[in-house]
Amino acid sequence: MKFTQSLKFNFLLWILGAFFLASIGQSFVSYWSGKDILIQQIQENCTQIADATGAEIDSWIEGKFSEMSTLAKLDEVKKMDAERLPALLSGLMSADHDNLYVVWPDGTVVGDIGHMDFKLDDRNYFKLAMEGKANIDTPVLSKATGNLVAPVAVPIYRGDKVVGVLGATIKAEKVTEITSQVKVGETGYAYLINQDTTFVAHPKKDYILQKKLSDEAEGIEDIISRMTALERGIAEYKFDGVAKYMAYDPVELAGWSLAVTVPVSEVTQPLDNMLHKMIMVTIVTLLLLSIIVWFVTGRLTKPILGMVGITTRLSQRDLTQEIESKNRSEIGLLMNSLRDMNDNLNAVLKQMAGSSERLASVSDNLMQTARQTGQASEQVSASAEEVARAAAAEAEDAQKTSELVQQVGLAMQNVGSTTEGISQQSINFKNIVGRVTGLMLRQKDEMALTVDSTVNVAGVIEELSNKTQEIGEIINVINNIAGQTNLLALNAAIEAARAGEAGR
């Protein structure tokens, strides 16, 4: 038997196959379930980080608005005295200010260094401030200091009327610092864009104010439109062929949009590592299980192979085996059942051997009896034939005697009633002889059948004995009739002698 056809191999194959499929199935179910949960958590984390970062930037901007609004409420500022403002503004400047200035409604600018030779009436942040809205514009690089600064403008009120704008260019490195602190995974980062998708803050400094998101990322126009509409959400996209998740949240005070992005591979990396570990654990477990199954199946198949040897010897009519098992399991019960079967077969064969001897003896006796019966039947048949021949001869003699008597009767018609009686007896004698002849012929046929059928020989012999007795009686009758006939013949001869020549 080939190993691949053995019970051990089949046990090993099916158990390991079932365990492998179960383990792989469980691993992949765990992987995909964990992946969904992890992705959901990462998305939630990205959204929370985006919300928190956007809120922090909003809070920083709101603080600047509050600071500027407080300065705008100073009486010296409200008076808008062009001669005194430079000194006043110079004293109000802080380390976050790149400069501080007041703008008249016609766009004329007086700063901390005095009158400016340009106007700001065409700037959007000035127009919004004149409408009573504090605002911050897109950061720019200061030509004077080279710093990244953002214009901030708040209205100056006299009563309920806006009489001017207090503006400042504040250092925007704080915005970059806030966004640069965002870390998601290993390479995840955050960035800011304004309404025309220009990068306001980015980990790569050469991107700031130099590149636009709409130019860098293709196929995410829908996401960009939602970002510029100051919506919040999360999306999956590709950048430079790398799949990424991006959570976006608005910085409403500035009209910017904050994005937190992380590669999908980094999100699933822990799961991939976990899957690899699970596969390794499965392989090691399969090896250990193979060893365990090998030994267990060996213990199971060893007694089975022993039973195969026992049954093989039983099939070869070997009933001399000593079978015994101390195993209390089903296999031990089966082994003991084979022992009982072997013992029972041995006992049955011994009984059959004794019966065969007795049957052979009876058969020999029957054969001898049959031979003796055949010989007796042949002897009886021969005797019956001799009797038949003798009876036939007697019949012929009787027939001749009858004819002679008839002739005598004709010659002696005058003898009277005595002669007629003799004639009648002769006729009767003839009939009796005919019956005896037929009976002897039938006896001959029956004896032939007796030779062919020895099973009923006893009954046939008994019947033959009875018939033989009848034949003896008939012969006695014949002898009696013959004696009477002789007497009658003698009397007839006497009478004929008396009659003389005429009578003869």
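Begin the tour by selecting Ile61, which touches Ile136, Val251, Leu253, Ala254 and Trp256, leaving out residues up to four places away in sequence. The model on the screen is a predicted one.

**A stop in helix α1**

Return to helix α1 and select Thr53, which has its place there. Is Thr53 buried or exposed? Its relative accessible area is 6%, and because buried means under 20%, Thr53 counts as buried. Display the residues around Thr53: apart from its neighbours within four places in sequence, Thr53 is in contact with Ile178, Val182 and Leu258.

**The largest pocket**

Now move to the largest pocket, which holds about 610 Å³ of space. Select Asn99, Phe118, Val140, Ser142 and Thr169, which are the closest to the pocket's centre among the 23 residues that line it. Then colour the strands β1 (97–103), β3 (114–119), β5 (140–141) and β6 (148–158), the elements that give two or more residues to the lining. Which element supplies the largest share of the lining? That element is β1, with 3 residues. Colouring the lining by residue type shows 13 nonpolar, 5 polar and 5 charged residues.

**Two residues with positive phi**

The last two stops concern the backbone. Most residues other than glycine have a negative phi. Select Met80, in the loop between α2 (75–79) and α3 (85–92). Met80 is not a glycine, yet its phi is positive, near 50 degrees. With a relative accessible area of 8%, Met80 is buried.

Finish at Leu209, in the loop between β9 (199–201) and α6 (213–216). Leu209 also is a residue other than glycine with a positive phi, of about 60 degrees. Is Leu209 buried or partly exposed? With a relative accessible area of 23%, Leu209 is partly exposed, whereas Met80 is buried.

Note on methods:
Residues numbered from 1 in each chain as written. Predicted model: local features only at pLDDT ≥ 70, side-chain atom pairs only at ≥ 80, totals over all residues. Heavy atoms only, no water. 1 Å grid on protein atoms, 1.4 Å probe; cavity = no way out; pocket = protein on both sides within 12 Å on 5 of 7 lines; lining within 4 Å. Points joined across faces, edges and corners; volume = space filled by probe spheres on them. Helix = DSSP H or I, 4+ residues; strand = E, 2+ residues; numbered from the N terminus. Nonpolar A, V, L, I, M, F, W, Y, C, P; charged D, E, K, R; others polar. Contact = heavy atoms within 4.5 Å. Buried < 20%, exposed > 50% of the residue type's maximum accessible area, 1.4 Å probe, protein only.
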